[in-house]
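This briefing covers strand order, helix packing, nonpolar cores and aromatic pairs. Please read it beside the sequence and the model.

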Amino acid sequence: MSPNAPTSCPHCSSDEAQPAAAVKESLPPAAYICPMCEGVRSDKPGACPQCGMALEKNPLAQRNEPECCGDGGDDEVQDLWWRVRWSAAMTAPVVLLSMGMDLPFIRDIHPEASGWMQFVWATPVVFWVGWPLLVRFANSLRTLRFNMFTLIGLGVLAAWVYSTYAAFFPPPTMVVGIGGSDFHAGRLPFYFESAAVITVLVLIGQLLELRARKATGSAIRALMNLAPKTALLVRNGEEIETPVDDIQIGDVLRIKPGARIPVDGSVTEGSSSVDESMLTGESMPQKKEANAAVTGGTVNASGTFLMRAERVGANTLLSQIVEMTAKAQASRAPVQRLADRVSAWFVPAVVGIAALTFLLWWQFGPQPSFAFAVVNAVAVLIIACPCALGLATPMAVTVGLGRGAQLGVLIKNAETLERLHEIDILMLDKTGTLTEGKPSVTEVFPLPGLSGRDLLACAAAVESMSEHPLATAIVNAAKERNIPIATVTDFQSIIGSGVLGNVGESEVFIGQEAFLKKNGVFISAECHAHSMKMQAEGCTVVVVVLNEKPLGLIAIKDKIKESAPAAITALHALGLKLQMITGDALTTAQRVAKDLNIDEVAAEVSPKEKLLHVYQARGKDRHVAFAGDGINDAPALAAADVGIAMGSGTDVAIQSAPVTLVKGDLRALHQAFALSHATMKIIRQNLMFAFLYNGLGIPLAAGILYPFTGWLLNPMIASVAMSLSSVSVILNSLRLRRFK
C-alpha cells in the first residue's frame, strides 16, 4: 500500500459501492459518487463497479461531514502522484535497457541478462504500483461490466506475459528486426517497456483527469464556501461568536461591514447595502432597511445592522441551491443514452478487433509475425479506451449546471438542461414575471352614492385574506389612508377570477368583470367605459360587488420589470416565439405585450385554460417552456416541456418547475436558454471528438498504414493519445466556467 493512500475514518467506512437502486432514499447522502455512472454511490473512496473510474466526493455529503474526514479527493491525488513517481522511476531503467542499445553501458549487457533485468524492474510497476488498474480490470471481468480498464488490463498483461515468455523460454531461431531494429539471434523481442510505460502513462492520465474533474465541481465548492462558519449572536445585550450550525430560528444576529450574512432572515434594526451578486450576478449592492429580507451567503458591503434568523441550516436558500445543483449534476441527460448504447458494445467490439488484428498479423505479417501481432493487438486495446466517450456528456453537464447556479439559474436535472435547448415557444405569465409583482392602486372609482373610502374599505377587508399581489396593493392602499380593515368570514379564493367573503352580514366579491358576466352580474355602460380606459393605460381593473350589486372599480398598475425589455430582445435573438398567457384583462395584456414586443397574447384565461394553451402548443410537434410565479401557474409549469419558476414567486410554483430563477430576474431567463445552448454545443464537440478519435485511432493501431508506409503505432504512443483524449474532453467542458 502506498504511504499516501486514503486512510479509514469511522465516519467514512462502508461496504462496496452499489447502484442507487439498492439504497433507500431515506438514507443520508453517500460520501462518494461516480462522475460517469448515475446512481453509483459509496461511503468510502474506491472505484465505480460499472465503469471502473475513481469515485469522487459527493458535495451533499461533504457539506456536513466531520472535520476528521478531510478531502478524500486530495488523498487520491496524493496516492496517484506517489504511484506516478515510483512507476516512472522503475520504468526508466526498463526503457534504457530496451531502447538504449547504442549506449556504451547498455550494448555490453548480454541479451538474456537484459531480459531478466527488464523483468525485475517492470514487474513491480505492473503488479505493485499499477495494482489498482489490475483490480479494476479484474472487477470488470467478474461483473461482466467491460470498461476502459478491461482494455488497459488486457493490453498491459498481454505485453508482460509475452515478454516474460520471451525472456525465460527463448526459441532457438534467428529473428529479424521490426522497423529497422535488429534483435539478437535466438531471442524474441521484449515489450516490458510497453507494459511499464503504458502503466505509467495511464496513471499520469488518471492524475490529470482527477485534477481536471475536481475543477468541474468548483462551482458547488465555491457556493458552499460562501456560508460563514460563525455568526455574532446578540443575547442579553452581548455579542457572542457562535457556530452557524447552532443558530436557531428567531435568534438576533449582528452583521458587521464586510461580513457575510450567515443565514436567511430580515433586518430588524439599522440599514446597509448588501452585495447579492452570488444570487443574481448583479454587482450593484442592494439597499436593506428594516423588514427587508436578507439571504445567507451575501456580503454586507457597508453599515451594520441586526437581523432575525428565519431560515437556518438546510432550509437556507444557499443550502437549497447547493443541494439542487448537486442532485442535478448526478442526473443524466438524454443525449448520454447515445454514449451509453455505444459503450455497451464498444469494449467487446474492440476486444474482437484486437483479436482479429492479432490473428491477421500472426498469420500474414512479416517475421517475427508473433511479435508484430502482439504489438498491434496491444496498441488497439490501449488506444480504444472509451473514457473520452463516457466523459463527454457528464463533464459538460456538471460544469454547465454549476455555472448556472452561480448565475442564479437553478436547473433540477440534466434532462432539463438539454430540453431548454429544444424549446421553440416560451409562454410567459404577466404579473410577477414580466412585471415587478408589486402593484399599487392608481384609482378608486366608486359608483354614485358611495365614497371612494367606503369602496376601498369594503375591498380591503376581503383582500386582507388573500396573498395575491393585487390583494396586497388594495390592502396597502387602505392602510395608507388609515382605513380600518373589517373582519371577514367564509373567505374563498376563486383561482384566476377573484375572491369572495362575508363582511358582517353582506357578501363581498372582488374580481374580474368577465367572471361577473358569466354569473349574471353586469356593470353599467359608464363603468365599463371607464374600465376600458384604465385598462388601455396598462392598469388591471377589478370590480367590487356587494350582495351581487356592483359598487365600483379599483384600478391597479404593476410596473414592467426594468430587465424585461432587454431580456425579451435577447430571447427573440435566440429564435424563440414569445407568448404572454395571463388571467388579466385583454386590453391591459395587449398594452404590456405591445410595450415589450411580445409576439402573441392570450388574456382572461383561467389556470385550466393556461394548461390547455400549453397542451395545444405542444400538440403541434413544438417544444414549450412556461415561465410563471403564482399558484395559478403551477399546472402550466408542470405540463410544459420545461417549467420556469421565478424565484420571487410562490413555493408551489417553484416546486412545480424544473428551472428556478433565484431572484426572478428576466435576464436570468435568457441566461438559462443561452447556457443550455452553450452546454449542448460543448457536448456535441466532446462526442464528435470522442467518436473521431476512436474512429481514426483503432485502424491506425491495427496497422492499416503499414503496407503503404511501413509505419506502426507504438503501444506507448497509443497510451499517451488515450490519456490526452480524456483530459481534452474535460478541458473543453471547463470552458463553460467562463460562460457569460
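L426 touches L571, K577, L578, Q579, A625, A627, I644, L669 and F673, leaving aside residues up to four places away in sequence; contact means heavy atoms within 4.5 Å. The model is predicted, so local features need pLDDT of at least 70 and side-chain atom pairs count only at pLDDT 80 or more, whereas totals for chains, interfaces and linings use all residues. Residues are numbered from 1 along each chain as its sequence is written, and side-chain values use heavy atoms, with hydrogens and water left out.

**Nonpolar cores**

- L426, I644, L669 and F673 touch the most other members of the largest nonpolar core, which has 52 residues.
- Helix 24 (residues 666–702) gives the most to this core, namely ten residues.
- A second, separate core of 51 residues includes A159, A167, A354 and I383.
- A nonpolar core is a set of buried Ala, Val, Leu, Ile, Met, Phe, Trp, Tyr and Cys residues joined through side-chain atoms within 4.5 Å; buried means under 20% relative accessible area, exposed over 50%, and partly exposed in between, with a 1.4 Å probe and protein chains only.

- Six strands form an open sheet in the order 16-21-20-19-18-17, with antiparallel pairing; two strands pair if DSSP finds at least two bridges between them.
- Strand 16 (440–446) and strand 17 (488–494) are the edge strands, each pairing on one side only.
- On average, neighbouring strands of this sheet are turned by 20° against each other, direction ignored.
- Strand 18 (residues 498–503) and strand 19 (residues 506–511) run antiparallel and are joined by six bridges; L500 stands opposite F509 in strand 19.
- Helices (H or I, at least four residues) and strands (E, at least two) are DSSP runs, numbered from the N terminus.

**Helices packed around the sheet**

- Helix 15 (residues 452–463) packs on the sheet and touches strand 16, strand 17, strand 18, strand 19, strand 20 (540–546) and strand 21 (549–557), its direction making about 80° with that of strand 21.
- Helix 18 (residues 525–536) lies across strand 16, strand 20 and strand 21, and runs at about 165° to strand 16.
- Axes are lines fitted to C-alpha atoms, for helices over the stretch in contact, and angles run from 0 to 180 degrees between N-to-C directions.
- The buried residues of helix 16 (residues 469–480) are L470, A471, A473, I474, V475, A477 and A478; their cover includes strand 16, helix 15, strand 20 and strand 21.
- Just after helix 16, N482 takes a positive phi of about 55°.

**Aromatic pairs**

- The structure holds 13 aromatic pairs; rings of Phe, Tyr and Trp (its six-membered ring) pair if their centres lie within 6.5 Å, and planes under 30 degrees apart count as stacked, over 60 as edge-to-face and the rest as tilted.
- W82 and W128 form an edge-to-face pair, 5.6 Å centre to centre with 90° between the planes.
- Because W82 lies in helix 2 (residues 72–99) and W128 in helix 4 (residues 111–129), this pair ties together parts 46 residues apart in sequence.
- W82 is buried at 7% relative accessibility, whereas W128 is partly exposed at 37%.
- The ring centres of F127 and W160 are 4.8 Å apart and their planes stand at 75°, so this pair is edge-to-face.
- F127 lies in helix 4 and W160 in helix 6 (residues 148–168), so the pair ties together parts 33 residues apart in sequence.
- F127 is partly exposed at 30% relative accessibility, and W160 is buried at 15%.
- F119, F127, W160, F168 and F192 form one aromatic cluster.

Key:
The expected span of a helix is 1.5 Å times one less than its number of residues.
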